[in-house]
Every structure is written in structure tokens, then in C-alpha cells.
Amino acid sequence: MVDGLNKSRLPHWASILGVVAIVLGVFLTALHGAEWMKHSVIATHMPESGVMPAADCPEEELEEEGLTLGQCEFLVDYVAGFVESAPEGFSDSMKTLALIGTLLAFVSVIIGGALVNYTAWSANAAIAVFAGLALIDVLQFSVVVGAGPLIRNFYLWSVLLWLILHAMLLVGAIAGRQFEAAKA
Amino acid sequence: MQREGFNRTSVIVHWLIAVSIFFLFISSWWMMGLPLPSKELQFRAFPFQLHKNIGITLVILLAVLLYMRLKYRPVAPKASDMSAWAYKLALLAHVAIYLLILAVCVTGYMSSAHTRWDTTWWWLIDFPRIAAPDEEMNEFWGELHTYFAWALLAFIAAHVSGAIYHSFRNDGIVRRMMRW
């Protein structure tokens, strides 16, 4: 016995939106997860004095990593600069948003699967999850936009890009739901 | 009874592997930009250990996926959904992806095994030291690790493109791996 998967009656828009949501969801789960880790690692390993020690750059390590001495020293300055540029509460806010974002992005992968296999609830669930992800982007935008030029340069374009992507997914799901409602 | 799609365990493991691989790529680019380790600068310790933990776990997940795929083989797609040559090409790409995942994990472990850092899997299980620290060997395996990782990314790009192609066609192919 073979169970049927080629359900051509299933909506075309849901098939496309579902797969795009899954691909972006997988990527975003990893991205938000990495962001959460970045803030945790930097906060945990910063010296209590807040002053970064000098870079340790042994020659064999430089060769192995393909770094010059200047680049090796810059790695320390880079982390110090990031911490220096971040206003108070920035790291905690970004970490919280990244954690919620990781969970929502993973849910969007599951919802994407539900869209591909189109079920009655999938369009509503997709609208809720895409709206949630867009809200995370808006909140990240509001945290980043007032955080000074270095942090803005670091984050703003990727936050805006994700906001546009999530807005497109959201309006796609809304349009799809309206299309199905009109058909019924 | 033979299913047209993959079984649920395969589906769950497939997506766990997907998220893990993307996380490893993204986090590795970031962690390589952290300061080199010293007594006072330990930024790299956690991300590198996590990278190794997930990499070793990936090998186990891959073994589970392969076992499930071979034990519960889905039927070949209908010719109207996927032509025979495209199916063969997709199978070859899958085999290449499996081999590359294994190659990336093994070379990564070998590179790490030649450093002075030990491996404690998920901070619980100590892996025995299989080699003495050796900069040249570390570099050799590390380079292989990088090349295999880029090749894997290229195959994943082709794999994802294939999935998107079939989603635009709205045939039954992508539903084979999306059965929650």
C-alpha cells in the first residue's frame, strides 16, 4: 500500500510559501541561536574590570590562523569595541529577543511543513508566527537604532532585511488565507 | 506497507541536522573572529567546545538518518513528479551530502585531536586523546575540514534549490520530507 502525497488539489501558494518559510526558518533558527551565544559568551568572558588584556599572538598560532600580528591584536580590540559601543541593557535585550526568535523560527519550520501539507489551521498559524517574527525584527530594530553608529553598522541592515522577508511571508499568508476563503 | 514519503524519525532527524549544520557554519565564522586564547582571554573556549559537541552529535544523527532511510525505504517518486534521471541525480546528491557531512565531522575531529585542547562531549564524556599535539597535522586536517565544509555548503545549496523547484511545481516531492 502506498500513501498518497501528490495532492495536486493542495494550494500552490501554500506549497511555495511553506518551503520558503522552512528554508528561512532553518537559517534563522541558526542565526538567532548564534546571536544568543555571542552575547552569552562575551558577557561571561569579559574581565570583571572591563579592561581587556593585551592580545596573545604566538607566531605559530598566527600562521595556523592565517593572521598578521596587527589582525590578531585587532581581534581583541574588536570585542572590546563591541562591548564599549553597546549601551547598558543592549546585550540582555538582544539575548532575550534572540532566544524568543530562535523558538519562533523553529516553530516557523514546523508551520512551513503544515503549509506544504495544507491543513485548515496552517494559514492562521503561519500568520501568527510570521507576525511574531516580524515583531521580533521590529523590536531588534528599536534596540539597535538607538545604540550608536558601530552597533547600527553591525546589525541594522540584517535586521531590516529579515523584517522585509517576514513582512513578505506575512502578507503572503494573509493573501493565501483570503484566497482560500473566497474559494470556499 | 511502503510509504511514499520518509518516516517521521527521518523527517525530524533531517530537520535537526539542517538546523545544526547552519548553526555550525554561522557560529564558526563568528568564533574564528574571537581573540586567540590565552590565560586571560577565554572567549573561544565555549563556542569551540559547542562546535565539537554538535559536530560529534551530527555523526550520530547521520547514522540514525541512514539507518531509518535504509530500513524504511520510501518508494521512488512518480515519473510525473520527477523524471528517472532527476531522481538518480537527487540520490547522488544525497549520497554526496551524507559523505560530506561525515567528512567534515571526521576532519574537524582530527584537526581538534592534534591540538592541545581535549574534547569533552557535551561537557560530560571525555574523549580519549588519539594524537599528540602537532601543529602541522592540525593545520592539514583543519584545511581539509574547511574545503569539505565549503563543498557541503555547495551541495546543500543545490539540495535546497531542488526543494524550492519542486515546491513551485507543487508536486509531491517536498511533502516526502515534511510529514510531522
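This is a predicted model: local features need pLDDT of at least 70, side-chain atom pairs count only at pLDDT 80 or more; totals for chains, interfaces and linings use all residues.
In chain B, residues 24 or more positions apart account for 75% of the contacts with a separation of 6 or more, where two residues are in contact if their C-beta atoms, placed from the backbone, lie within 7 Å. Residues are numbered from 1 along each chain as its sequence is written, and chains are lettered from A and ligands numbered from 1 in the order in which they are written.

Let me stay with chain B for a moment. It has 4 helices and 2 strands, taken as DSSP runs numbered from the N terminus, with helices being H or I of at least four residues and strands being E of at least two, and from the N terminus on these elements run α-α-α-β-β-α. The C-alpha trace of chain B spans about 60 × 30 × 25 Å along its principal axes. Of its 180 residues, 29% count as buried, a residue being buried if 20 or more other C-beta atoms lie within 10 Å of its own, exposed if 12 or fewer, and partly exposed in between, with C-beta atoms placed from the backbone.

The axes of α1(B), residues 8-31, and α2(B), residues 45-71, come within 9 Å and cross at roughly 155°, the axes being lines fitted to C-alpha atoms, for helices over the stretch in contact, and the angles running from 0 to 180 degrees between N-to-C directions. That makes α1(B) roughly antiparallel to α2(B), given that angles under 35 degrees count as roughly parallel, over 145 as roughly antiparallel, 65 to 115 as roughly perpendicular and the rest as oblique. By class, their contact has 15 nonpolar, 8 polar and 1 charged residues, where Ala, Val, Leu, Ile, Met, Phe, Trp, Tyr, Cys and Pro count as nonpolar, Asp, Glu, Lys and Arg as charged, and the others, Gly among them, as polar.

Turning to helix α4(B), residues 135-169, its 35 residues should span 51 Å at 1.5 Å a residue, and its end C-alpha atoms are 51 Å apart, which agrees; the expected span is 1.5 Å times one less than the number of residues. Among the buried residues of α4(B) are B:Trp141, B:Phe148 and B:Leu152, and the buried residues of this helix pack against α1 and α2 of chain A together with α3 of chain B.

That brings us to the other chain. Altogether, 44 residues of chain A are in contact with 43 residues of chain B, and α1(A) gives the most to the side of chain A that touches chain B, with 17 residues. The helices α1(A) and α4(B) pack at an angle of about 160°, with their axes 8 Å apart, which makes them roughly antiparallel. In this pair A:Ser15, A:Ile16, A:Gly18, A:Val19 and A:Val23 meet B:Val160, B:Ala163, B:Ile164, B:Ser167 and B:Phe168.
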